[in-house]
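Subject: Structure handover

Hello,

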Amino acid sequence: MASETAEPYLKIVGVTKKFGEFTALKDISLEVFEKEFVCFLGPSGCGKTTLLRAIAGLDIQTSGQVFQKGRDISDLPPSSRDFGIVFQSYALFPNLTVEKNVAYGLENQKVPQDRIKTRVAELLELVGLPDQGRKYPAQLSGGQQQRVALARALATEPGLLLLDEPLSALDAKVRARLRHEIKELQNQIGVTTIMVTHDQEEALTMADRIVVMNNGVIEQVGSPIDIYSHPASPFVADFIGTTNFIDAKLQTPTSAQIGNFEVSLSASPPDLSAGQDVTLCIRPEDVLTGSRVDGAPNQIELGIHHVEFLGSFHRLHTDPVSGDTSLMIDVSVARAREIDISVGSRIQVALPAEHMNVYPARG
């Protein structure tokens, strides 16, 4: 990823997009650096695909500007912009062979045939389909078709690669394999890439940075680790991963009251004041159990009322800690052997201050 002092490869300034009375994008500003892999992540209808289409010129923004490598492309048609795009539906030409599909953009640019032949062969080798060139799309699996679509998008050596939910039509195993292959390919080629996805796992495993969107605005931009560990809002915390939300009342900047139980906090946002209702957020895997509780602050004993076995770990659902707020606690299979996690038993846990995020109370 480029350093923070580098000039952005793509710069989006105050982009708003309206469809009639509906505002799909609200004053979006964002910088993407050369060779970055950035994911636009969010639920359906959040504006992520609209933003991608504005970058591509497929849906020109209502207001705002888009710059690519310092060039204002805000009002240019797609044909005058420097990008390759891969859609969820592959969008391959069914009547053309794999070779002809990959060669399509090069032929439109009047590239010499010998160069086209060499380039197509290079790309099919790159995407792992060196022997499939003479087949037609219908003769390929979904994963193979998406590789062809990727090769076609890269054929003209674009400066920007746009991926619009490219893996969502594939089954889970193929999706997991292809996301690794796409990331490796992007690293190898070094092309600046933006991918739209609603799949948090895709974003966490593939992106250098994630742009979390909701209702036409950007909620947070950051690395996968930052987004997961320090979500900027309850929406981000809830959308990415599984989390516990606990109603509390702020006592001081470093303490809060959960029912009759006081907990220490690392810090709370400066705009929150003592006596204010707040929401605490802690991931199930960050709740301490077993020997890790010894000597830890913020200890509480809870009853277990439900246990889910999820393969590599158990998820415990406890009695309420405050009002009707219960905790989810993830316990590894190994740790479950040292403590009693049966339904009806009681368990001593601790809530580490450094893993609790504090937000204004949710409405």
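**Pockets and cavities**

In the second largest pocket, the lining residues divide into six nonpolar, two polar and six charged (Ala, Val, Leu, Ile, Met, Phe, Trp, Tyr, Cys and Pro count as nonpolar, Asp, Glu, Lys and Arg as charged, and the others, Gly among them, as polar). About 300 Å³ of space lies in this pocket. Of its 14 lining residues, Glu-99, Ile-116, Lys-117, Val-120 and Ala-121 are the closest to the centre. H2 and helix H3 (113–126) are the elements that give two or more residues to this lining, and H3 has the largest share, with seven.

Before going further, please note that this is a predicted model, where local features need pLDDT of at least 70, side-chain atom pairs count only at pLDDT 80 or more, and totals for chains, interfaces and linings use all residues. Residues are numbered from 1 along each chain as its sequence is written, and side-chain values use heavy atoms, with hydrogens and water left out.

A word on terms: on a 1 Å grid over the protein atoms alone, a cavity is a set of points where a 1.4 Å probe fits but cannot get out, while a pocket is an open set with protein on both sides within 12 Å along at least five of seven lines; lining residues have an atom within 4 Å of a point. Points are joined across faces, edges and corners, and a volume is the space filled by probe spheres set on them. Helices (H or I, at least four residues) and strands (E, at least two) are DSSP runs, numbered from the N terminus.

The largest pocket has a volume of about 580 Å³. It is lined by 19 residues, and Phe-83, Gly-84, Gly-105, Arg-152 and Thr-156 are the closest to its centre. Strand E6 (83–87), helix H2 (98–108) and helix H4 (142–154) each give two or more residues to the lining, with the largest share, four residues, coming from E6. By class, this lining has 10 nonpolar, six polar and three charged residues.

The whole structure also holds two cavities of 30 Å³ or more. The largest cavity has about 40 Å³ of space, and its lining has seven nonpolar, two polar and no charged residues. Helix H5 supplies the largest share of that lining, four residues. The second largest cavity has about 30 Å³, and H4 gives the most to its lining, with three residues. Leu-150 and Ile-182 are among the residues that line both cavities.

Enjoy exploring the model!
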